[in-house]
Amino acid sequence: MVASVTTATTDATRTPVRAPARRTIDWRIRFAALSLVWGFSFLLIKVGTDGYAPFQVTLGRLVFGTAVLAAAMAMKRRRLPRGTRTWAHLTVAAFLLNALPFSLFAYAELTIPSTLAGICNATSPLWGMALSLIALSEDRPTRVRVAGLGLGFLGVLTVLGAWQGFTGVDPTGTALALLASLSYPIGWIYVRRTLAGSGEPHLSLTGAQLLLATLQLAVVTPLFTSAPTRFPVLPSLAVVALGALGTGLAVLIQYGLVAEVGPTTAQMVTYFIPVVATAAGVAVLGESLAWPTPVGAVIVLAGAALTQVRPKT
């Protein structure tokens with residue numbers, strides 16, 4: 001999943017935004033497209049790492065994603081945000097929401113299948129629930145939400161085959177994927193505390209965020225990898241698609257969905273991503289699928305859904 005300040009800041013303000021009068025594509029179609037794009041992102045990461053180092057895949061992803069956002073900002077005549085304080089907060093957000101999780105998922109998929117990476121991504125709402133109980137005083141625990149938290153992590157143990165001693169899965173790769181999923185809610189909480197209500201257009205904030213993440217990877221990548229000597233076609237196309245579609249276009253679709261139907265409905269895409277990622281990994285990459293994976297995934301998604309249930313006021 002690609003996280004941006006768009007969802008986080010809108011979620012923080014809880015202010016409904018009316019959709020523009022003219023829409024050429026129904027929001028349900030765009031919602032389905034976003035599910036497909038983000039779900040296939042894990043397959044594209046896997047293919048990209050067949051030809052490039054993980055940091056190179058992440059850097060390419062951010063470069064092409066930033067290019068799409070820059071084009072969108074130019075078309076809408078949006079400027080980059082101003083203010084040193086805003087840019088300082090965006091630097092942290094770029095690291096937590098883009099540079100770090102993108103890199104962790106790329107390294108994780110060196111040793112785990114894309115299906116498992118997609119399921120690990122679905123644990124973000126669980127981590128978010130656990131962290132919000134500590135960091136956000138307005139998020140009060142309820143029996144339903146706490147039960148969802150426990151159920152979700154039971155699903156994680158099912159996916160990993162805990163009763164078999166976690167055999168059959170690479171612990172390092174799985175840990176990296178789970179850390180990537182943990183990085184998202186940490187970033188969301190940070191954004192809610194620092195950038196909510198900044199007054200800057202969401203598109204400008206998101207564009208600046210991706211730009212900063214690109215610069216961060218541009219500094220780190222040469223330190224840990226050497227320049228590629230060849231550019232294999234399929235991995236190269238995967239990186240381009242991962243950036244242009246799975247990052248740039250996906251953020252624009254998410255931006256429009258949040259504005260039209262609100263953050264709660266838009267964030268429901270999280271529950272479809274592992275389904276698409278699993279289907280793509282099995283059908284396209286021929287990854288094996290033992291019964292604990294789909295069963296555990298269903299439990300994870302059920303738990304994640306319960307953690308989003310809020311008491312009526």
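Biologist: Where does Phe-31 lie?

Modeller: Phe-31 is part of helix H2, which covers residues 27-48. Keep in mind that this is a predicted model.

Biologist: Is Phe-31 buried or exposed?

Modeller: Phe-31 has a relative accessible area of 11%, so it is buried, the cut-off being under 20%.

Biologist: And what does Phe-31 touch, not counting residues up to four places away in sequence?

Modeller: Its contacts are Leu-257, Thr-265, Ala-266, Met-268, Val-269 and Phe-272.

Biologist: How far is Phe-31 from Ile-253 in space?

Modeller: The C-alpha atoms of Phe-31 and Ile-253 are 7.8 Å apart, although 222 residues separate them in sequence.

Biologist: Staying on this helix, where is Ser-35 found, and is Ser-35 buried or exposed?

Modeller: Ser-35 also sits in helix H2. With a relative accessible area of 5%, Ser-35 is buried.

Biologist: What is Ser-35 in contact with, leaving aside neighbours within four places in sequence?

Modeller: Val-269, Phe-272 and Val-276. Val-269 and Phe-272 are also among the residues that Phe-31 touches.

Biologist: Why might residues four places apart point the same way?

Modeller: An α-helix has 3.6 residues a turn, so residues three or four places apart point the same way.

Biologist: What about Leu-34, which residues does it touch?

Modeller: Beyond four places in sequence, Leu-34 touches Ala-250, Ile-253, Gln-254, Leu-257 and Val-269. Leu-34 also comes up in the largest nonpolar core, where Leu-34 and Phe-105 have the most contacts.

Biologist: How does the contact of H2 with H10 divide by class?

Modeller: There are 19 nonpolar, five polar and two charged residues in the contact of H2 with H10.

Biologist: Let me zoom out. What is the secondary structure of the chain?

Modeller: The chain has 13 helices and zero strands.

Biologist: What share of the residues counts as buried?

Modeller: 50% of the 313 residues.

Biologist: And of contacts between residues at least 6 apart in sequence, what share joins residues at least 24 apart?

Modeller: That share is 92%.

Biologist: Now H5. How many of its residues are buried?

Modeller: Eight of the eight residues of H5 are buried, so H5 is largely enclosed by the rest of the structure. The buried residues are Ser-114, Thr-115, Leu-116, Ala-117, Gly-118, Ile-119, Cys-120 and Asn-121.

Biologist: How do H5 and H8 cross, left-handed or right-handed, and at what angle?

Modeller: H5 passes H8 in a right-handed crossing. The axes of H5 (residues 114-121) and H8 (residues 171-194) come within 8 Å and cross at roughly 30 degrees.

Biologist: Which residues make that contact?

Modeller: On the H5 side, Leu-116, Cys-120 and Asn-121. On the H8 side, Thr-174, Ala-177, Leu-178, Ser-181 and Tyr-184. By class the contact of H5 with H8 has five nonpolar, three polar and no charged residues.

Biologist: And H4 with H8, at what angle do the axes cross?

Modeller: Roughly 165 degrees, with the axes coming within 8 Å. H4 and H8 are therefore roughly antiparallel, and their crossing is left-handed. The contact of H4 with H8 has 20 nonpolar, six polar and no charged residues.

Biologist: Change of topic. What is phi of Arg-77?

Modeller: Phi of Arg-77 is near 60 degrees, a positive value in a residue other than glycine. Arg-77 is in the loop between helix H3 (54-76) and helix H4 (84-108).

Biologist: Is Arg-77 buried or exposed?

Modeller: Exposed, with 78% relative accessibility for Arg-77.

Biologist: Last one, where is Ala-302, and how far is Ala-302 from Gly-152?

Modeller: Ala-302 is in helix H13, residues 292-307. Ala-302 is partly exposed, at a relative accessible area of 34%.

Key: Residues are numbered from 1 along each chain as its sequence is written. This is a predicted model: local features need pLDDT of at least 70, side-chain atom pairs count only at pLDDT 80 or more; totals for chains, interfaces and linings use all residues. Side-chain values use heavy atoms; hydrogens and water are left out. Helices (H or I, at least four residues) and strands (E, at least two) are DSSP runs, numbered from the N terminus. Buried means under 20% relative accessible area, exposed over 50%, partly exposed in between (1.4 Å probe, protein chains only). Contact means heavy atoms within 4.5 Å. Ala, Val, Leu, Ile, Met, Phe, Trp, Tyr, Cys and Pro count as nonpolar, Asp, Glu, Lys and Arg as charged, and the others, Gly among them, as polar. A nonpolar core is a set of buried Ala, Val, Leu, Ile, Met, Phe, Trp, Tyr and Cys residues joined through side-chain atoms within 4.5 Å. Axes are lines fitted to C-alpha atoms, for helices over the stretch in contact, and angles run from 0 to 180 degrees between N-to-C directions. A crossing is left-handed if the near helix is turned anticlockwise from the far one by less than a right angle, and right-handed if clockwise. Angles under 35 degrees count as roughly parallel, over 145 as roughly antiparallel, 65 to 115 as roughly perpendicular and the rest as oblique.
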